[in-house]
Amino acid sequence: MAFSSQMPSREFLWDVFNRVDRDRSGYISAEELQVALSNGTWTPFNPETVRLMIGMFDKQNRGQVNFDDFGALWKYVTDWQNCFRSFDRDNSGNIDRNELKTALVTFGYRLSDGILDLLLRKYDRSGRGVIFFDDFIQCCIVLYTLTSSFRQYDTDQDGVITIHYEQFLSMVFSLKV
Ligand SMILES: [Ca+2]
Ligand SMILES: [Ca+2]
C-alpha cells in the first residue's frame, strides 16, 4: 500500500473495494476485511481489531462497510500502517517495549512502566515480548477509548476521579471496546 495518507482516486478505491468484496455483495464484511488485511505474520488478522474498525466506519450499523464508507476505512488502515512503520524503528515488523513506550509518549500518554508492561503482556500474542500490527491497533484504540471515558469524569483533569458504583457500571458498559 502507498505511504501517502492522501485520499487516493475513486477509481483506485473502487478497484480495491471490489477485490476485498469477494462475494460481490456490495458490502465488505468483517470476514472479507480480515482476509484482505495482513499483520506481517502468517497468523490471521486479529478479529477484534477488524470488528473495532468495521464498527467505526459502518454508518448504517449493518456490521459491514459499503463503498461510500470504504474510502475513510482505507485511509484509516493506511495511516495505521504508516504509524506502525514509523514506530518500528528497527524494522523488525513488530513493536518492542521501547518502541511502544515511544509511541505512547508521542500519542500524549504519560504512563508508568507498570502500565507499559501490563499493555505489553495483554497485547503480546506471540509471547515474545513484542506487539504485532493488528494487536498494536487494538491496544491503541482500547487505550484511547478508556482514556476518553475517564476524562469525561475527570472534569478538573487531575487524573483522579470519584465515581459511584452505578456510574462505573454505565461507564464500562457504554464502552465500545
Ligand atoms: Ca461482501
Ligand atoms: Ca521493532
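The legends below describe close-up views of one predicted model.

**Conventions for every view.** The model is predicted, with local features requiring pLDDT of at least 70 and side-chain atom pairs counted only at pLDDT 80 or more, while totals for chains, interfaces and linings use all residues. Residues are numbered from 1 along each chain as its sequence is written, chains are lettered from A and ligands numbered from 1 in the order in which they are written, and side-chain values use heavy atoms, with hydrogens and water left out.

**View 1. The chain as a whole, as a setting for the close-ups.** The secondary structure comprises eight helices and two strands, where helices (H or I, at least four residues) and strands (E, at least two) are DSSP runs numbered from the N terminus. Read from the N terminus, the order of these elements is α-β-α-α-β-α-α-α-α-α. Along the principal axes, the C-alpha atoms occupy a box of roughly 50 × 40 × 30 Å. Of the 177 residues, 41% count as buried; here buried means under 20% relative accessible area, exposed means over 50%, and partly exposed lies in between, with a 1.4 Å probe and protein chains only. Among contacts with a separation of 6 or more, 53% join residues 24 or more positions apart, a contact being defined by heavy atoms within 4.5 Å.

**View 2. The site of the calcium ion (ligand 1).** Protein donors at 2.3 to 2.5 Å are D21 (OD), D23 (OD), S25 (OG), Y27 (O), E32 (OE) and E32 (OE); donors are N, O and S atoms within 2.8 Å of the metal (3.2 Å for Na, K and Ca), and sites may look incomplete because water is not among the atoms. The arrangement is irregular because the six donor atoms subtend angles of 53 to 155 degrees. For reference, four donors count as tetrahedral if all angles lie between 85 and 135 degrees, four count as square planar and six as octahedral if opposite donors are over 155 degrees apart and all others between 65 and 115, and anything else is irregular. Along the sequence, the donor residues follow the spacing D-x1-D-x1-S-x1-Y-x4-E. Within this set, D23 is exposed at a relative accessible area of 52%, whereas Y27 is buried at 18%.

View 3. D88 counts as buried, with 5% relative accessibility, while D90 is partly exposed at 47%.

View 4. Most residues other than glycine have a negative phi. N91, which is not a glycine, has a positive phi of about 55 degrees, and its place is in the loop between α4 (67–87) and α5 (97–106). With a relative accessible area of 66%, N91 is exposed. Q157 likewise has a positive phi, near 55 degrees, and belongs to the loop between α7 (133–153) and α8 (165–173). Its relative accessible area of 64% makes Q157 exposed.

**View 5. The surroundings of P44.** P44 sits in the loop between α2 (30–36) and α3 (47–57) and is exposed, at 63% relative accessibility. Beyond its neighbours within four places in sequence, P44 is in contact with Q34, N39 and D134. The C-alpha atoms of P44 and M56 are 21 Å apart, the two residues being twelve positions apart along the chain.

View 6. T102 belongs to helix α5 and is partly exposed, at 33% relative accessibility. Setting aside neighbours within four places in sequence, T102 is in contact with F87 and R89. From T102 to C83 the C-alpha separation is 12 Å, across 19 residues of sequence. A36 is found in helix α2, where it is partly exposed at a relative accessible area of 42%. The C-alpha atoms of A36 and R19, 17 residues apart along the chain, are 8.6 Å from each other.
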